[in-house]
Amino acid sequence: MMTEREYIQRIPIEHRKKYAQFFTPEPISDFMATWVLDGKEGKVNVLEPAFGLGVFSRSMHKINPEIRVMGYDSDKIIYAYANDNFDSSRYDIRICNENYLTASWTEKFDSIICNPPYLKFHDYDNATLVPMVNGKLHTHLNGFTNIYTLFLLKSIFQLNNNGRLAYVIPSEFLNADYGVEVKRALLQSGVLRHIIIVDFTQCAFDDALTTACILLCENNGDSDAIHFSNITDVSKLNTSLTDYKTFTPDQLDPAVKWKHYYETSKSSSFTHLVPFSTFAKVSRGIATGANDYFTFKASKIDKYGIPENSFRRCICHAADVRNLVFTDADFENVVNLDKTVFLFDGCANEDNPHVQNYLKLGEKSGADKKYLTASRNPWYALENRHPSPIWVSVFNRNGLRFVRNQAGVYNLTTFHCVYNVGEIDTDILFAYLVTSVAKEIFLDNSRQYGNGLVKFEPNDLNKGNVVDLRLLSEEERTFVLRVSDIFQYGSETCNQAVSILDDFFRTKFTGGAIDLLSYFKRLNRLSVKGSKVQNVKVKAKRIKQLSFYELYDQYAENPITENYMVHETVNWEDNSFSDHMQVDLSKNVLISLVKPDNVEQYLDRSAKIYYTGKRFPSTVALNELYYFMPYIKRKGIRDIYLIKVARVGTRKEGQQDNDPNDFRLVFEIEFVKQLFKDFKPTELKIWRTFTDTTLRGLLAESDCGTPLHKRPVCAESK
Ligand SMILES: C[S@@+](CC[C@H](N)C(=O)[O-])C[C@H]1O[C@@H](n2cnc3c(N)ncnc32)[C@H](O)[C@@H]1O
């Protein structure tokens, strides 16, 4: 017998996910089996639409060994194991390796039991299956319907008179837009008896990110009572059949979230609530359809040499936003940390050759054929969406998170956009939204997932309620704005400001009396103590990469700089460390780390050519390149070379496997002298690879503490 545990160990997660193979824990299976068999004895006709390894058949068999089961599973692999599990001499079970939805609709059953696959609309053939189910049942399910609801409605259709059905499914449909039609169909069927919500904090299915509900139905005349219960522990399942809230079918409105029927409302204690749409419109952030292709870090921009006006400043990951307020300085910060905060706008600069190259790359990699890009014209056009003054995070363990976007940057779908419709000042609106009053009231309109995750689609927020901010007096608005000024202060002060606002809105909108003077006093005490926020430590300004392509466009193989004339001032023959040698202190020197396989030629001073790596800092003044000092790992610097010529070339010039597009900066160099008696460690200041300085600067730094007679002797050239 192949158990679910062994199956999970043997079959890769990708396969299990493709067929939505999450298995029902035995206590839930036993409970559902008891409901569907309803004490019936003998040859009960049972349907298992999503058989898996047959946990339900095992549970039912323990209760009634004579059951006759018809099972379906569309996956060949699990089907083969399931067939082996149920030996025909002991079990009356027939399993078909077929799609349940396209299999017979005419057969009826006394008991139907199922944990159907959970597949979102894009993961199954919704274009065929949804219209097919609508055609059979005269429903109006929309294309976004999850496959589990199709299973449910088909099964209800196949239920015999006096038959019973038990389904364990995600409770999402009870509170989601696509669930409205499902709930309508369920109510119309007249078979619904119990909805048992398995508590959100404990996932019934360990590895599925959903919260479950068990639907118990019975086809024995239209129901006049539908019972809702919540259980916090699987072992308490049986109490759900005795301890519940009851509604008549006409009391249940399919168009509203059904959590109102089984959860205590969080907002009932507040007065003067209005829809959030009175003040704002929430829409989702920009969906690119191919984030890897469209989003850039600053270093990726450098790499492709695409001009900056082809990019929009854009937050791609909520984690890059840390504070309540996101400012230009915060944006600078994340750029310097080389975070992905740019969005490629292929239409902004279409004639630029680097943009064209990148677009070609997109076509080569298939970025143009993704679900969203394929339907756009041109495929690289971005959605036309303005930066919003407020963002709200989509998926959060700690409830809603609002951010004031003072930097005016765009955002991907990691945040929803909150646009002010003009009824109230944006800062007043924001000051309210960050309070727990706002969060509590919004929670009534959320969807919840397993393990306490809360999700809000834009419409959940648009339809959610807020306190009527128009009822604030002039003085109260001034107060709220004064408190919101504190949002730019350190997090501790900021938290205190939010809690003052929280207290204020809670009192005001639960009918309490507002003593504004005492609130101002609390605020003043806070401002005195506060200190202006120190943004995340701003790192040294990011040094960009030089674009070798642009350089090649400009110079081809011609020298960028040539320094032959200096031969006259340097005694090239004298390689010894001696006081009479002269070097030009005012000239630039570039210290560069040399690759380990080239070290020999620098130790014996025979090196004639130096190739940079693929990256070279754009800050080095190329026309002033003059001296070169090799930095040898674990040793440091010692010798100085003249850069006779700097030009663009390739790493493997003249060799057979030379890639003509692998551009590098090439220095033709010549040993000048030994500048230090021994190798000297020094700091490589750019990317731990280069230091760009003058000879005077280098000596000033390295001579500190070096006795005069030991210093190299240099003379300034005129
Ligand atoms: C959530 S699992 C439940 C398995 C088992 N009944 C249990 O409760 O442990 C759903 C099962 O349905 C199967 N399945 C997925 N799509 C199907 C389809 N269209 N028709 C029939 N079975 C399907 C999967 O292979 C998987 O075994």
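Of the 21 residues around the ligand, those that come nearest are Tyr19, Thr24, Ala50, Gly52 and Asn115. The shell around the ligand comprises 13 nonpolar, six polar and two charged residues. The model is a predicted one, and the protein has 718 residues, of which 37% count as buried. Its secondary structure comes to 23 helices and 30 strands.

**Overall organisation**

- Among contacts between residues at least 6 apart in sequence, 76% join residues at least 24 apart.

**Packing of helix 15 and helix 18**

- Helix 15 spans residues 426–433 and helix 18 spans residues 474–485; the two pack with their axes 9 Å apart, at an angle of about 70°.
- Angles of 65 to 115 degrees count as roughly perpendicular, and helix 15 and helix 18 are therefore roughly perpendicular to each other.
- Helix 15 contributes Asp427, Ile428, Phe430 and Ala431 to this contact, while helix 18 contributes Arg477, Val480, Leu481, Val483 and Ser484.
- Sorted by class, the contact of helix 15 with helix 18 has six nonpolar residues, one polar residue and two charged residues.

**Aspartate 485**

- Aspartate 485 is found in helix 18, the helix that covers residues 474–485.
- A residue is buried if 20 or more other C-beta atoms lie within 10 Å of its own, and exposed if 12 or fewer do. Aspartate 485 has 14 C-beta neighbours inside 10 Å and therefore counts as partly exposed.
- Alanine 497 lies twelve residues from aspartate 485 along the chain, and the C-alpha atoms of these two residues are separated by 9.2 Å.

- Four strands, in the order 12-15-13-19, form an open sheet with mixed pairing.
- Strand 12 (295–296) and strand 19 (410–411) are the edge strands, each of which pairs on one side only.
- In general, strands of a sheet pair through backbone hydrogen bonds, in either a parallel or an antiparallel manner.
- Strand 13 (residues 311–315) pairs with strand 15 (residues 342–344) in the antiparallel sense, over three bridges.
- Leucine 343 in strand 15 is the bridge partner of arginine 312.

Conventions. Residues are numbered from 1 along each chain as its sequence is written. This is a predicted model: local features need pLDDT of at least 70, side-chain atom pairs count only at pLDDT 80 or more; totals for chains, interfaces and linings use all residues. Axes are lines fitted to C-alpha atoms, for helices over the stretch in contact, and angles run from 0 to 180 degrees between N-to-C directions. Angles under 35 degrees count as roughly parallel, over 145 as roughly antiparallel, 65 to 115 as roughly perpendicular and the rest as oblique. Two residues are in contact if their C-beta atoms, placed from the backbone, lie within 7 Å. Ala, Val, Leu, Ile, Met, Phe, Trp, Tyr, Cys and Pro count as nonpolar, Asp, Glu, Lys and Arg as charged, and the others, Gly among them, as polar. A residue is near a molecule or strand if its C-beta atom, placed from the backbone, lies within 6 Å of it. Two strands pair if DSSP finds at least two bridges between them.
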